[in-house]
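I opened my notebook to get to know a new structure, one look-up at a time. Come along and keep the view open beside these notes.

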Amino acid sequence: MDKRQIATRIFQAGVAAADPAAAVKRHLDAVTPPVLIVAVGKAARAMAGPALEAFPGVPALVVTNYENAGPLAGAEVLAAGHPVPDENGLAAGQRVLAALRDADGPVLVLMSGGGSALLPAPVAGVSLADKQAVNRALLAGGLEITAMNLVRQQLSDLKGGGMLRAAGGPVTALILSDVVGDDLAVIASGPTVAPIGTAAEAVAVLKEAAIWDGLPGSVKAHLEAEHVAPALPEARNVLVGSNALSVAAMQAVAGDCHVLDPVEGDVADAAKLICDAARPGVTIWGGETTVVLKGNGRGGRNQELALRIALEAKARGWQDWVCLQGGSDGRDGPTDAAGGLVDQGTLARIADVDGLLANNDSFAALKEAGDLLVTEATGTNVADLGVLIRG
């Protein structure tokens, strides 16, 4: 088995550890029989399966992205846009709000990454187009996920505890975390927990990131208005899967390896950090980086990080190495690739890597090199996973 195969096998172990159905099944015995099941996120359909088996006949709404959508016996499956909200997501949000308000007993919520974009539910006075503009600005601005969701919560009737405010009965949420550190207020923008912060704090974040001036007027008006947040009903929130659990599974397969702390921040800084810390043999990590968009190319944080690691490795004179950097959901940015699988020959197979990176076109660069990591959509999402093998 060569290094590329070994790296792929380690990555696949991390993805398998985040299997949504198994994660939900382990916790259903402690769930009060619900009168309504709501599953939202990239893993929603897979998470809903075992819940429907455990509670047959209970009405179920499943909201997921287009790639993971499909028929599910006993459930109404609604497909919506991700990462930019769309009209189908708007309709799904209204459908979920109505179902929650009609519930006259316990509600089971199954939450996974992607739920924030899939259920836009904009507040009064803010249109879907306004929310789309905000989302594009947040994605392009290089903000980390907590800051993005701080803003999103203030513009939604569902995020930041909105599901609890809408529900007619007590809520139990089983949550598959796509967020490093597993802050429940950040996962899918926290529909079953208290908000991350206030509207004033959201304004401060947007101004600091130089995003504020370009936002729609309706958004600015809402964020600058005075808001009185009502008290939230209590909820039982249970973490059933996470990036850390997937890294542990990778470690079990890799054996004697070096495990990095979660890798976050700008991709250029992250590439240097990884190469500084990597040791001979196998190094693994999880995390979620950010990219500041300066061009109009295609790609995502995993593809760009893989390319930048290749550049760092070349600068250090490394020979005989392989790096896999991929999204656990099988999709990286607006592409059909999960990330990159690069080695010491990658850069030689790209005519103008600097130009493509300057245009944020890591997809084209890795495609030219034949080094895209392409998987099917995995049906789960626990952020990103990386493997570096040296020597």
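Below are my entries on this predicted model, in the order I made them.

**Entry 1: the main core**

I began with the largest nonpolar core, which has 31 residues. I noted the residues with the most contacts inside it: Val63, Val96, Leu100, Leu119, Leu158 and Met163. H4 gives the most, with five residues.

I then picked out Val63 and looked up what it touches, leaving out residues up to four places away in sequence. I found Ala39, Val40, Gly41, Ala44, Leu78, Ala80, Ala92, Val96, Leu118 and Leu119.

**Entry 2: helix H3**

Ala44 turned up again when I moved to helix H3 (residues 44–54), where it is buried along with Met47, Ala48, Gly49, Pro50, Ala51 and Leu52. What covers these buried residues? I found that the cover includes helix H2 (20–25) and the strands E1 (36–40), E2 (60–65), E4 (107–111), E5 (171–176) and E6 (235–241).

**Entry 3: Ser112**

I followed the chain to the loop between E4 and helix H5 (115–118), where Ser112 is found. Is Ser112 buried or exposed? Its relative accessible area is 0%, so Ser112 is buried. A polar atom of its side chain lies 3.0 Å from the backbone nitrogen of Ala43. Setting aside neighbours within four places in sequence, I listed the contacts of Ser112 as Val40, Gly41, Lys42, Ala43, Ala44, Met47, Leu176 and Ala188.

**Entry 4: two helices side by side**

I turned to helix H6 (residues 128–140) and helix H7 (residues 145–154), which pack at an angle of about 170 degrees with their axes 10 Å apart. Angles over 145 degrees count as roughly antiparallel, and H6 and H7 are therefore roughly antiparallel to each other. On the H6 side the contact is made by Val134, Asn135, Leu138 and Leu139, and on the H7 side by Met148, Val151 and Arg152. I sorted the residues of this contact into five nonpolar, one polar and one charged.

**Entry 5: Thr289**

My last stop was strand E9 (residues 281–290), which holds Thr289. Thr289 is buried, with a relative accessible area of 8%. Not counting residues up to four places away in sequence, I saw that Thr289 touches Val263, Glu264, Gly265, Val267, Ala270, Arg301, Leu305 and Asp384.

Methods. Residues are numbered from 1 along each chain as its sequence is written. This is a predicted model: local features need pLDDT of at least 70, side-chain atom pairs count only at pLDDT 80 or more; totals for chains, interfaces and linings use all residues. Side-chain values use heavy atoms; hydrogens and water are left out. Axes are lines fitted to C-alpha atoms, for helices over the stretch in contact, and angles run from 0 to 180 degrees between N-to-C directions. Helices (H or I, at least four residues) and strands (E, at least two) are DSSP runs, numbered from the N terminus. Angles under 35 degrees count as roughly parallel, over 145 as roughly antiparallel, 65 to 115 as roughly perpendicular and the rest as oblique. Contact means heavy atoms within 4.5 Å. Ala, Val, Leu, Ile, Met, Phe, Trp, Tyr, Cys and Pro count as nonpolar, Asp, Glu, Lys and Arg as charged, and the others, Gly among them, as polar. Buried means under 20% relative accessible area, exposed over 50%, partly exposed in between (1.4 Å probe, protein chains only). A nonpolar core is a set of buried Ala, Val, Leu, Ile, Met, Phe, Trp, Tyr and Cys residues joined through side-chain atoms within 4.5 Å. A polar contact is a pair of N or O atoms within 3.5 Å; within protein, one must be able to donate a hydrogen and the other to accept it, and residues adjacent in sequence count only if both atoms are side-chain atoms.
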